[in-house]
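User: I'm new to this one and would like to know how the labels get assigned. Can you take me through a few?

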Amino acid sequence: MTAMPGLGTPRPASPDLLRSVFRRHAAGVAVITASGARGPVGFTATSLTSVSAEPPVVSFGIGTGASSWPAISEAGHVGVHVLGEHQRELAATFARSGADRFGAPTRWRKGPEEVPVLDDVLAWLVCRVVARVPAGDHRIVLAEVVLGDHSGAGSPLLYHQGRFNGLRD
């Protein structure tokens, strides 16, 4: 392949290319939770998307190799939590493999539909799972909003260049 003026040298599609491109894409940070057979599960997601307003539907992606996938694959309801910039450590805990995600210092309670609801987030939703769509080594989960709260204070947490960051003007 040859260099294109102002565009660099194109590279063939690969997992590394995709990861490199999306490291440059700033994304909001959410934590997805559910009740599992062995207790609560959760993971950090940067793939949260608003899909529909009528009815209110969101989506997120999860790898089928993720430790939370078995519970998410069977859950009737999930929790969606929008994190604030004051929650970098919480985001890191839910992203870390093998971490005790619901142990101290994580503060949470059992919410509607038995969904774990995290404390002190910018906003949270409890959603009914309506579909799990195969997408390579992931599943796209579509979930209809049942209820939620958007009254948390603060600025959003972002993920960019492999790090959690606050929003700057």
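Predicted model: local features only at pLDDT ≥ 70, side-chain atom pairs only at ≥ 80, totals over all residues.

User: What makes Arg128 and Glu144 a salt bridge?

Analyst: Their closest N and O atoms are 2.8 Å apart. The cut-off is within 4 Å, so the pair qualifies. Arg128 sits in strand 9 and Glu144 in strand 10, so the bridge ties together parts that are 16 residues apart in sequence.

User: And why is Glu144 called partly exposed rather than buried?

Analyst: Buried means under 20%. Glu144 has a relative accessible area of 23%, so it goes down as partly exposed.

User: How do you know that Glu114 and Lys110 form a salt bridge?

Analyst: Here the closest N and O atoms are 3.5 Å apart, and that is within the 4 Å limit too.

User: Which label does Lys110 get, buried or exposed?

Analyst: Exposed, because its relative accessible area is 56% and the label needs over 50%.

User: What ties Arg109 to Asp119?

Analyst: Another salt bridge, with the closest N and O atoms 2.6 Å apart. Arg109 is in strand 7 and Asp119 in the loop between strand 8 and strand 9, so parts 10 residues apart in sequence are tied together.

User: How many salt bridges does the structure hold?

Analyst: Four.

Conventions:
Residues numbered from 1 in each chain as written. Heavy atoms only, no water. Salt bridge = Lys/Arg side-chain N within 4 Å of Asp/Glu carboxyl O. Helix = DSSP H or I, 4+ residues; strand = E, 2+ residues; numbered from the N terminus. Buried < 20%, exposed > 50% of the residue type's maximum accessible area, 1.4 Å probe, protein only.
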